Amino acid sequence: MLVPMLLAIIFIVYGIMSLTPGDPAQLILGTRASPEAIAGLRHEMGFDKPFVVRYGEYVAKAARGDFGNSWRTGRPVFQVIAGRFPTTIKLSLAAVVLAVLVGVPLGVLAAVKQYSIFDVIGTTIAMFMASIPGFWFGLMAILFFSLKLRLLPSNGADSLKHYILPAVTLAIPVAASLLRLTRTTMLETIRQDYIRTARAKGQTEGKVIFRHALKNALLPVVTATGMEFGGLLGGVVTIETVFSINGVGMLIIDAIRMKDIPQVTGCAIFLAASFMILMLFVDILYAYIDPRIKASYQKMN
Amino acid sequence: MEDIDFNSQTRKKSRRGEIWRRMKKNRIAMVGLFIFSAILLLTISADLITPYDKAITGSLADRLTPPSSSHWFGTDNYGRDIFARILHASRRSLVMGIGAVLVGITLGGLLGACAGYYGGRVDSVIMRIIDTVICIPFMLLVLAIVAALGPGLVNVLIALMISMIPTYTRVIRSAILTVVGQDYIEAAKSCGTPNRWIILKHVLPNAIGPIIVQATMTVGTMIIWAASTSFLGMGIQPPEPEWGAMLAESKDYMLTAPYMVMFPGFAIALTALSLNLMGDGLRDALDPRLKD
């Protein structure tokens, strides 16, 4: 499934990008270029071929790791992305881990002690956090922690300290939605009959919550975490700009500003593909932790 | 015939009344509704409160003045009144948020309704395409479309609409699937009612609850995304006022004029919060399991 999906994603992104009005050859050479030079470059770069042919050639090259060269710098797109990718991945992973570590336990707490002070405060804060635009939160964090208190650096990604503010900023909306989701699924789970059975057996409350309820309540949370990662890869674009971090997110913004189409296409495909591969891992993980799916595979064999 | 029609009419009314009654009991949801109504009212009467000129022109003598009685939210780096800018920007943000959701719902609704109602091959073709598009993170899809079309309000709106379609197709399809198996649909089919009539008259009205909840909440999300694209310089272009664009301009004056960063962000957050509160309240009001 992965390969056809990848092909389709490349098709969509490539298709959208080729909708760009104007002649790409003109864009590269500037307005003062002669018509002959433009026609020559058009032919050289294959813009005079039909879309499907260009798409086919693009895919064939992309399979060998060649996403073309940047129109602005002339450097291979793949090389530029590969240089920046680790920063983006480190930042997103840090944010996801942070969000799960904060969101899930608080969600469990809110559900187990429904209507208690933990529940009210937790869900209220989550509601506020889900309404705050991430980039604004980032700006306010810079204003407070970097400019006023001078505790943390406001831009760059040179040391661990540099990652704190952007990772927290990225994690907050994810943590908020994980808290809400965990609370809902947990509330549903603890009303199930098998929880009543476990309690009736005289099982300790801790064991009931962690062994019986949590395991079942976490299944949808795993999928949601994977899906949230996709939103995070989108959010990374704005957050990297706010904190001036040289990742793929900032690269794509700069490329859009300079109308560097191959670079934009390459970045978009790269990010979408990494999200897809991650979702594949989530599916595999799911088969591993959900006994129902495991059983259905065993039946098939 | 007259009699039956009359009956169904009163029942429908009382059901709507019931939802409204339960929503009214939810104090937090009413706060959300109140805030959003106030924002809507301010947006509509923006021209009466302060002229548009005040939002796009300012005198350099008034540069970066902190909030005062003459400039409630202070002035920006061009001496423009921030309150007037925020007020007039709300029109663009609301148009983008509500517009994207309305069109997304209509197109996504058509696709989702077809997929859910007809099932089989129609379903698998539509959902295959949707599943692929949904693999591209939302913001990335918006940016790719804006990059291709160029910046500006209309192009951002188009990008948001298109990017909304897959999500709505999924939501509406699953809402429809819960209805399609019911006996009354079977009954309508056996009476020979045309398919499109069944979808419009019987399926959609009964599946509409979760769709409305989703719509209310995504208007807030759309407003945030629209502001993000403007913040990145891809959306509405200066000197037109827009919340995200205002925040982008404020970046260089954060230390000297922190109010420039605060107020536009408050505006976005308050709008999104009021919509989220309303959506939450609506969901509870529509949930039959929570009925008293």
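Me: How many residues does the contact take from chain B and from chain A in this predicted model?
Reply: The contact takes 33 residues from chain B and 40 residues from chain A. Residues count as in contact when their C-beta atoms lie within 7 Å.

Me: Which elements give two or more residues to the side of chain B that touches chain A?
Reply: They are helix 6 (120-134), helix 7 (138-149), helix 10 (195-231) and helix 12 (258-286) of chain B.

Me: What is that side of chain B made of, by class?
Reply: It has 26 nonpolar, six polar and one charged residues.

Me: How do you know what span is expected for helix 5 of chain A?
Reply: The expected span is 1.5 Å times one less than the number of residues. Helix 5 (residues 77-112) has 36 residues, so 52 Å is expected. From first C-alpha to last, helix 5 reaches 50 Å, which is close to that.

Me: Where does helix 5 of chain A bend?
Reply: At A:Arg84, by about 40 degrees. The bend is the angle between axes fitted to the seven residues ending there and the seven starting there. A proline, A:Pro86, follows within four residues.

Me: Which domains does the assignment give for chain A?
Reply: Domain 1 (2-63) and domain 2 (81-300). Their C-alpha centres lie 36 Å apart.

Me: What makes up the contact between domain 1 and domain 2 of chain A?
Reply: Eleven residues of domain 1 are in contact with ten residues of domain 2. On the domain 1 side, the largest share, eight residues, comes from helix 1 of chain A. By class, that side has ten nonpolar, one polar and no charged residues.

Definitions and conventions. Residues are numbered from 1 along each chain as its sequence is written. Chains are lettered from A and ligands numbered from 1 in the order in which they are written. This is a predicted model: local features need pLDDT of at least 70, side-chain atom pairs count only at pLDDT 80 or more; totals for chains, interfaces and linings use all residues. Two residues are in contact if their C-beta atoms, placed from the backbone, lie within 7 Å. Ala, Val, Leu, Ile, Met, Phe, Trp, Tyr, Cys and Pro count as nonpolar, Asp, Glu, Lys and Arg as charged, and the others, Gly among them, as polar. Domain bounds come from an automatic or database domain assignment.
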